[in-house]
Amino acid sequence: MTNITNLEKWVQKQNYTLIFFTRDDCNHCQRLEEELEKASEMINVGTPGSIGIPVARIKNYELNRYPILRLYVKGLYTEHSGEWEQKKLEQWADLRALSYITESDSEPTIRWIHESHNISVLVFNDSFKQELKWLKTLKHHIHFTYTTLPNARSLLSVDDETTLVMFTEKGINRYDYDGEITYEKVFKFVDDHEDKYYQEFTQESVETAFYEPKKPVLFIFDEKEYRDLAKIHQKEINTILVKLNQVTDRLLNFLGIKGIQRPLAVIYDQNNSQKKFRSQFSDLNDLKKFVNNFLNNKLQPYYKSQTPIKNENWEKQILTVVGEDLPKHDNIFIYFYSSWCKICQQFTPIFEQIFLKYKGQKAFGMFDASENEVQDQFIKEVPMIRWYNAKTRQIVTFDGPFTLEALSEFIDKQGKKSVSDDL
């Protein structure tokens, strides 16, 4: 894998190139990079009949998230979605390296194209074949074809100014393009007119659903399609369909689900303290009722929690606090952390020093925010220290530097009341 520093210059040199965006302080990046390194040899060479794609790495490029894997084709790109495992990465790259287009050379073929594909694009120009191949690589789920059939326009009732026709939902929707046929302009036209009522579960689809635009996200765990439901609520909810072979432990943990009994629906409301709602629905009408009840504020959220640990002694150890029993704790300093948080890993030894300093005098607990949630207490970021005051029923959040001295000052100021007996 080649290391590069100038992305624009490298992309201009290559018709096809795979770029891995990483960051020095990203632990997750390091693990995924190992899998990509294994796959890069095959991707560079290609399989029989496919092209080889150069693989490069760029560090600390200004992006809002990491890691990212992009396939650039003549300056435009698509992002990798799916699993970061060697064979999966090889398959993903090879499938795009083998991209092909077809010629519609008969009346039945022209009629068949848009009726048999969810999304199809027909160009009335055979000199655009190479550009269509590039587009197919980027938009692999779309069927691209061209035609030189003299009566093709009349078959589709297209005027002479139209240079391209795009169909979605197997011909239900149609969009005519009468602009200049260039690689960049056709890409933008196609990208603007895809009917994205719902998406299948991938890393890319989750990130898109969460950020563009920011709406509640409906996860449907089932093998069926729910296009009509997603279309009805597209302005209010982003819908993601999760099929059986797409379920991951990371997704289940994120949603606080311990097992899947299909069909299951989960709504993640990122605009309302990241509250979650779920329903084991029996049919489409049942699912519609669940969504409507959510939109009408008639549902109660659920909260994930590990199993409480009994018989811990606050005088001898740091308590393990879980979502279910956090409201029961008083007069205690709780450290909120996550296993994936690198800053937390650096701070945990300091928290352990704090415990030893005040051992037997103050109570301390640790709360894994990636495994637990609490009603009416949204954990926005980690690491975080909070003091739970039994006398005033207040929660005080530490807002200073995570040093032994600053924390000691905070504890001396807040923890003047003795520890309650219920600990």
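**Exercise 1. Which residues in α12 meet which residues in α13?**

Solution. The model examined here is a predicted one. Begin by locating the two elements: helix α12 covers residues 342–358, and helix α13 covers residues 404–414. On the side of α12, the residues in contact are Phe347, Ile350, Gln353, Ile354, Lys357 and Tyr358, and they meet Leu404, Leu407, Ser408, Ile411 and Asp412 in α13. When these residues are sorted by class, the contact of α12 with α13 has 7 nonpolar, 2 polar and 2 charged residues.

**Exercise 2. Describe how the axes of α12 and α13 are arranged.**

Solution. First take the distance and the angle: the axes of the two helices come within 10 Å, and they cross at roughly 45 degrees.

**Exercise 3. Characterise the aromatic pair formed by Phe333 and Phe410.**

Solution. A pair of aromatic rings is described by the distance of the centres and the angle of the planes. A search of the whole structure finds 21 aromatic pairs. In the pair of Phe333 and Phe410, the ring centres are 6.0 Å apart and the planes form an angle of 70 degrees. Because planes over 60 degrees apart count as edge-to-face, this pair receives that name. As for position in the chain, Phe333 lies in strand β17 (residues 332–337) and Phe410 in helix α13, so that the pair links distant parts of the chain, 77 residues apart. Both Phe333 and Phe410 are buried.

**Exercise 4. Is Tyr335 buried or partly exposed, and is Tyr337 buried or partly exposed?**

Solution. Start with the pair that the two residues form, which is tilted, with 5.6 Å from centre to centre and 35 degrees between the planes. The step that follows needs one cut-off, namely that buried means under 20% relative accessible area. Tyr335 has a relative accessibility of 0% and therefore counts as buried, whereas Tyr337, at 22%, counts as partly exposed. Tyr335 and Tyr337 also belong to one aromatic cluster, whose members include Phe333, Phe347, Tyr358 and Phe410.

Key:
Residues numbered from 1 in each chain as written. Predicted model: local features only at pLDDT ≥ 70, side-chain atom pairs only at ≥ 80, totals over all residues. Heavy atoms only, no water. Axes fitted to C-alpha atoms, helices over the stretch in contact; angles between N-to-C directions. Helix = DSSP H or I, 4+ residues; strand = E, 2+ residues; numbered from the N terminus. Contact = heavy atoms within 4.5 Å. Nonpolar A, V, L, I, M, F, W, Y, C, P; charged D, E, K, R; others polar. Phe/Tyr/Trp six-rings, centres within 6.5 Å; stacked < 30°, edge-to-face > 60°. Buried < 20%, exposed > 50% of the residue type's maximum accessible area, 1.4 Å probe, protein only.
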